[in-house]
Amino acid sequence: MTGHRQRARLDREARHLAPGASEETAAGERVFAEGSGAYLTDLDGNRYLDFAAGTLTQSLGHCHPEVVEALTAQAGRLWNVHDAATPERAALLEQLARLLPDHLDTYALFSTGAEAVEAALRVVQATAPAGRNRIGALRHGFHGKTMGARMLVHWDIGHQAFAGNSVLGYAPDCYRCPLELTHPNCEVRCASLVRRHIAEKPNVAALVFEPVQGAAGVVVPPPGYWERIAEACRVNGVLLVADEVLTGGGRTGAFLASELVGVEPDLVVLSKGMANGFPFAVLAGRAELLRSPEAATAGSYASTYASNPLGIAAAHATLGVIERDGLAERARVLGELLGARLAALRSRYEQLGDVRGLGLLYGLEFVTDRESRTPAPELARAVHSAALDLGLRTAFGGHIIRLAPPFTLDEAQLDAGVALLELAVERAVAQVVAA
């Protein structure tokens, strides 16, 4: 429950703060004051295991000492000189070259994922051959809240419909197949339609996609989905732009989720966990694209906080720990344990319709019952709230709860978190069914 001190602080800021916070924040009503490793502490002194890792950003947990040290040292030296070179930038670029596939050898640095997505769209637009004036995307994808990113998936606001120049393909949601088919008997028909509507169209310049759809509920593609689409795009000259804002940096058990699903992207966008929650983003790509005269005119990759020394320091320190300690592999191993424990939890509750994930990224889909699969957002909200009261923070939206704990989690903390989640599900099911 929200304590007195927190309630007073929430009421105080509500007098001036615009509404529109995330569902999890609105439902939780907590004032978090401190963080350390896998734990958060609120203003009343209550402690929480953070299985949401900030906003799926804290790869190393909260206030990792090496990241704190790097930021503190940089804060005493230099903050911002626009996009000018600084002593640390070359080291970060070399580090990225070690971690990313060889063909992704050129980088532009930004501060947010949406900003980097917009930069990727500009590169596609600048380098596209004459006649290729449309962009492909997947239904239910999420690429940010800026105009170009919203228009990719035809995201309208209010009464305004800003129709994008994109062509939408079917996402590989086997639990809620848009074609009402069943895998594997479907022969991955959704991929065939993406090939036909996007990859094989002569007027499409690129396909922008999440290897694993995050905001849609951690939609993990079945085998063959991306392999078929990627091959068709390659044959037909359609660029592959991977949005790995959420999945990049090791969260799925490899540095890029694209590597796990059989895609060799031409451009990749990374952010979130790359700097352990500090604002930082990178657009990585093939040299022939990012260095092309059309895409690299003066100011093309510049912005107010591009190449910000503080972001570079946080990213360099974060990636250094991930690389040195083999944390992408650790995410894979811990993810297998988490998946097994969540599968056991699902077997005990009919209202937990589906559990799916990759590495340390999982989605739990709550329904009224297994047969109808009717979404149950009120149940998901109740689970999220009950978990908070028990000392576990999750990422909640609609009828989906996402889990994305830090890579530095140990097995005992993983088990403790799942035990709290099970108790939260038990309480929430009893509460909602009784109502």
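On a 1 Å grid over the protein atoms alone, a cavity is a set of points where a 1.4 Å probe fits but cannot get out, and a pocket is an open set with protein on both sides within 12 Å along at least five of seven lines; lining residues have an atom within 4 Å of a point. A volume is the space filled by probe spheres set on the points, which are joined across faces, edges and corners.

The model on screen is predicted: local features need pLDDT of at least 70, side-chain atom pairs count only at pLDDT 80 or more, and totals for chains, interfaces and linings use all residues. Residues are numbered from 1 along each chain as its sequence is written, and side-chain values use heavy atoms, with hydrogens and water left out.

**Stop 1**

Select C174, C177, H183, C186 and C190. Of the 13 residues that line the largest cavity, these are the closest to its centre. The space there is about 90 Å³. A search of the whole structure finds one cavity of 30 Å³ or more. Its lining divides into nine nonpolar, two polar and two charged residues. (Ala, Val, Leu, Ile, Met, Phe, Trp, Tyr, Cys and Pro count as nonpolar, Asp, Glu, Lys and Arg as charged, and the others, Gly among them, as polar.)

Stay on H183. A cis peptide bond joins H183 and P184, with omega about 10°. P184 sits in the loop between β6 (166-169) and α8 (189-199). Helices (H or I, at least four residues) and strands (E, at least two) are DSSP runs, numbered from the N terminus.

**Stop 1: the largest pocket**

α2 (23-28), α3, α6 (113-127), β14 and β15 each supply at least two lining residues. Colour by domain next (the bounds come from an automatic or database domain assignment). Domain 1 (4-63 + 327-434) and domain 2 (66-325) each give at least three residues to the lining.

**Stop 2**

Two strands pair if DSSP finds at least two bridges between them. β14 and β15 (residues 400-403) pair over three bridges. Pick G397: its bridge partner in β15 is I400.

**Stop 3: the second largest pocket**

Which helix gives the most to the lining? α1 does, with five residues. The lining has nine nonpolar, four polar and seven charged residues.

**Stop 4: two positive phi values**

Go to C63, in the loop between α3 (53-56) and α4 (65-75). Its phi is near 50°, a positive value in a residue other than glycine. Then go to V218, in the loop between β7 (204-209) and α9 (225-236). Its phi is near 55°, also positive.

Are they buried or exposed? Buried means under 20% relative accessible area, exposed over 50%, partly exposed in between (1.4 Å probe, protein chains only). C63 is exposed, at 52%. V218 is buried, at 0%.
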